[in-house]
Amino acid sequence: MRLSPFQSVALSALAALSLNVASAQCPFSLDTGAAAAIATDDGLVLSRFASGVRGSPALNNATTLSSTAEATTVSRLRRFDVDGNGVFDQTDGQIIQRHLMGFRGTALGDGGAYAVRLTPSLIEAYIAQGCPGRSMTARERASRFLTQATWGPTWSGIDTLAAAGANDAAFDAWITAQFNTPSMDSHWDYIARKGPRNCATIPEGCKAIFINATMETFWQQAAQSPDQLRQRAAFALQQIFVVSTVNSAIDIQPDAHASFLDATATNAFGNFRTLLEVVTRHPTMGHYLSHMRNEKEDPATGRTPDENYAREILQLFSIGLWELELDGTRKKDASGRDIPTYNQNDIIGLAKVFTGLSWGGGSTSEERWRGWLEGSTRWDIPLQMYPQFHSASEKKFLGTTVPALPGTLTQAQADDSLRIALDRIFNHSSTAPFISKQLIKRLVTSNPSPAYVRRVAEKFVNNGSGVRGDMKAVWRAVLMDPEARDEQRLADESFGKLREPLLRLGVWLRAFNATPSSGRFQIWNLEDPIDSLGQNPMRSPSVFNFYRPDYAPPGAILNRTAVAPEFQITHETTTTSYANFVVNTVSRGLSDLQPDYARYRANIRNASAMVDDLNVLLAYGQLTPATQKIIVDAVNAIPEGGFQWENGRVYTAIVLTMLAPEFLIQR
Amino acid sequence: MAYISSHAARRRFMQQFGSLSVLAGTPFAANLAMIGAASAQTANDYKALVCVFLFGGNDDANLIVPSSGSAYADYMNARPSLAIAEANLRAITPTGYTGTPLGLHPAMANMQSMIGSGRAAVLANIGTLTNPITRAQWNGGESSVAVPAQLFSHSDQQGQWQTGLPDRRASTGWLGRMGDVTSSIFNPNSGVSICMSIGGNNMIQAGEDTIQYQITPQGAIAVGALGNGDLYGSAAGAQALRRLLTDPRAGMMEREWSKIGKRAVETERTVSAALANSPAVTTAFPLTGIAGQLQMVARMISARSNLNQRRQIFFVQQGGYDFHDNLVTDQNARLGELDAALAAFNTEINRQNIASSVTTFTASEFGRALRHNGRGSDHGWGGHQFVFGGAVQGNRIYGTFPPVAFNTSQDAGNGRLIPTTSVDELGVTLARWFGATDSAALDTILPNRLRFANGANGMGFLI
């Protein structure tokens, strides 16, 4: 019989009573039977897991164990963190292995960095207690969920979810409610008004102009809109369907970007097929990837259609470069090689499909096509087909052929070409895992297990009612997956993701309800290398986003074939500038945004209470005791009664929390 | 695959015996370097390499153009909407070049004069290759000769240009491996990495042991609270901040984050002090991103003694070369910025009297198709690059300048050039000049080099 960790604890406790054994047992045995743990099997596998080795290589030579050993390990990760530094890491793995070999005392080894139990005797005592581990409070569970699903937790959000139990049912209900929550505003209207809804009542309220206006509405909604899941989901989609003002034909048009932000938000909970078409026909994307006014081939001048969009819709927006299994791993050919999803001929064929698109909204005259008609520049409506510019020749791509169209083309025929192509892309076997894996990476973890990817991709393929591409089902699957929810993963040394700079700012804005006196979030530039974030909305350097989903920093992470996308923009410069940004922003605010720290000032003479509170809000309780002590000591080092001492204490506590690795790495 | 397995074997060896032997703590690179850079042991010189990466895939057909006669007509006919008027091309007359006359893009006035004065040279039709390949082999399909995976993809070709290993999964780049081989010999007492980037994280400078150091165009940036030693007036606060930023941590990503934080804090002091105590860069640089980066390179070169560096490897970058649309206007703007920035850098290096020690080269993930798509051109393969510096035997074309027309011997389709020179050959040339002359060292830096004609001894453009 395979026991759950709780059952085995209970049994051990029972045994302790009946046999008068001094202590409970740590569940180091990973096999399905009742065999005792042995160093060369269970210890070896645990040690490997702690070093990031997963799947079948972790079981190599562990003869008594079956493939369930990994799941068993995962179910006990927080208990296996024997030195108590928050993570089941190599140090813990080695200590457990030595313990199973019979080593005791100093031979067991010391705890690792930031451990609670630094000495062998403390670790031995913990093992003697049966490795009780830690578990999260309801408020911590709520805060963690909101960290994954929103731009950042607030106390009201945490308390509401905690009151509902902060369990799967509560989270599931929250997701359902979010699906039906509208945005506070549309980006488009903000641009038209030059400010927020109530801007006319605020001095300087209706003066948002240029691309800065789009930055303002972006941040206002990220920070304040009640449809937080949509906000976070749309941001994830904007990092797949990238448009940018950098090196771009749309570098100064606030309405172009506002309309695109609205399109991703509106369709975030729709169908992926719709999303694909909305993005393809969006004039902002049409400008950015140059398929707008892309003309059919012309034998007279040798002109061929622009291949830009054909290539990037495949490589980045849908199927990716390699044929994928449903679990996101690469398919192999008979010789064991990866299989490319397309070749240059597919691109040439598909490029013909993306010809003939230009401004929507009326006649298909050449004047409108060129944008010469009064009022033809319409960022808010989809591009339309101009059949006279659409290729009539045969289009072959991805095993599909749109036959040559004889005679004078109609708009319906041109639309049909596009429909066939998007249907083919949408239904490609790689699309579900390619998109699902990226969405997991944006919300939950950079290195999801293949099983997690498969579970989400299965929902993409079929939402349970026979619908493919239902994004509501996909988001729910991403957030409600056992791998996302299991608090044991907090101790999984390779789980989680680096919070990207924009999300760190979002957390601060929301946690402390930062509000601007002007009513406008005038966060226009976050790129200063000395004291800013090195990341700015709508300012990706190329269509490859700020970072690639498969980026791994050279060294330890790349060498173990893991990825850590957000590290592509993380280096000496951005780390330093982030520290400066936090120090400045926490104390001075940002632009005319001012935070509300009243709750923390209430604990101005009780640093541990202040830090406990921040720990739940910002880091869902993950600050290790050692980190908490560093922060508490620093707060207490500011003497009561000194110049600005109250501010100094609050700022210090918040800044240090936001610079703690436990905050920066989201688990 | 011999390279990978021998690496793995060496690593295993060191892991097994590292704690028992005198090798404990000896970096992998130092051992590698001991293999055979004997010639460098006696050197008491200084050299720097500067990689200028043009992201997006620079359009080669408008960069260097056959400027007269039927060759110009072929070019004109291939891309009528993009072609540069004959009269606007900037003529170059490379020594020993007997082909059709050539002109540079009109925005490259300074490059024209650097070539003319023998300071700069052209690397013709260079690109990523796993093996030399002919058009017949290319047309024969995949089974004939292996080609780099995912040709025409930005991210893949950027990666392959930089790793120099287009036939395998790679975790290091060729400038990083060059750093592995040379840094312990030439920079044994430097607290700063031999590989320095002003252009962001990149693959080309990633070594086995060499970790690229990032610096801004304004210099190394200090954490203000640590510089002043106080956080909101508290020294204890600053000390806590330092610990949180730099202490080693458990967890894969926490470890990585803290390593970066530690490097940032520790290196900043060294670099800032070295810069402050070094001769100023006095040449006026244009106010563009690429010029600002090159100005910083010039400052780090000026600070070389204070940094204890006799070898330096720099990475700078310029984006915006993906000319699917608006090519004529955009390429003119990008190249104009590049040309002015390179000119200022050249002036400054001359002023520092160090030109013969600094070699600069351009790179870009691919060239572009000759055929036009209306207002732009699409992704290609081989392209042209520049190399310049006092050690460059300039006013020459290295490699084979390709015919600019369709269905030629180098046409992979629509005038996408099949490269005739591999990145490996460029790398070997630079590595030998840089001091990695031993064949084992060269094999480490460019493991595939001997597949190519100039992979043994380089292309000969550096003296």
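## Interface between chains A and B

About 6000 Å² is buried between chain B and chain A, with 62% of it on carbon and sulfur atoms. The model is a predicted one. On the chain B side, the residues that lose the most area to chain A are Y232(B), M253(B) and W257(B), which together account for 14% of what that side buries. Chain A contributes 84 residues to the contact and chain B contributes 70.

Salt bridges between chain B and chain A number 5. In one salt bridge between these chains, the side chain of E662(A) meets that of R249(B), at 3.2 Å from N to O.

## A helix pair across the interface

From α29(A), the contact uses T627(A), I630(A), I631(A) and A634(A); from α10(B), it uses A236(B), G237(B), A240(B), R243(B) and L244(B). Sorted by class, the contact of α29(A) with α10(B) has 6 nonpolar residues, 2 polar and 1 charged.

## A helix pair within chain A

In chain A, helix α20 (residues 431-443) packs against helix α22 (residues 471-480) at an angle of about 50°, the axes being 10 Å apart. The two helices, α20(A) and α22(A), are therefore oblique to each other, and α20(A) passes α22(A) in a right-handed crossing.

On α20(A) the contact is made by L439(A), I440(A) and L443(A), and on α22(A) by M471(A), V474(A), W475(A), V478(A) and L479(A). This contact of α20(A) with α22(A) consists of 8 nonpolar residues, with no polar and no charged ones.

## Salt bridges

Over all chains, the structure holds 52 salt bridges. Side chains of opposite charge can pair when their charged atoms come close. Within chain A, R455(A) forms a salt bridge with E483(A), and the closest N and O atoms of the pair are 3.9 Å apart.

R455(A) belongs to helix α21 of chain A (residues 450-461) and E483(A) to helix α23 of chain A (residues 482-485), so the pair ties together parts that are 28 residues apart in sequence.

Key. Residues are numbered from 1 along each chain as its sequence is written. Chains are lettered from A and ligands numbered from 1 in the order in which they are written. This is a predicted model: local features need pLDDT of at least 70, side-chain atom pairs count only at pLDDT 80 or more; totals for chains, interfaces and linings use all residues. Side-chain values use heavy atoms; hydrogens and water are left out. Axes are lines fitted to C-alpha atoms, for helices over the stretch in contact, and angles run from 0 to 180 degrees between N-to-C directions. Helices (H or I, at least four residues) and strands (E, at least two) are DSSP runs, numbered from the N terminus. Angles under 35 degrees count as roughly parallel, over 145 as roughly antiparallel, 65 to 115 as roughly perpendicular and the rest as oblique. A crossing is left-handed if the near helix is turned anticlockwise from the far one by less than a right angle, and right-handed if clockwise. Contact means heavy atoms within 4.5 Å. Ala, Val, Leu, Ile, Met, Phe, Trp, Tyr, Cys and Pro count as nonpolar, Asp, Glu, Lys and Arg as charged, and the others, Gly among them, as polar. Buried area is the accessible area (1.4 Å probe) that two parts lose on being put together, summed over both. A salt bridge is a side-chain nitrogen of Lys or Arg within 4 Å of a carboxyl oxygen of Asp or Glu.
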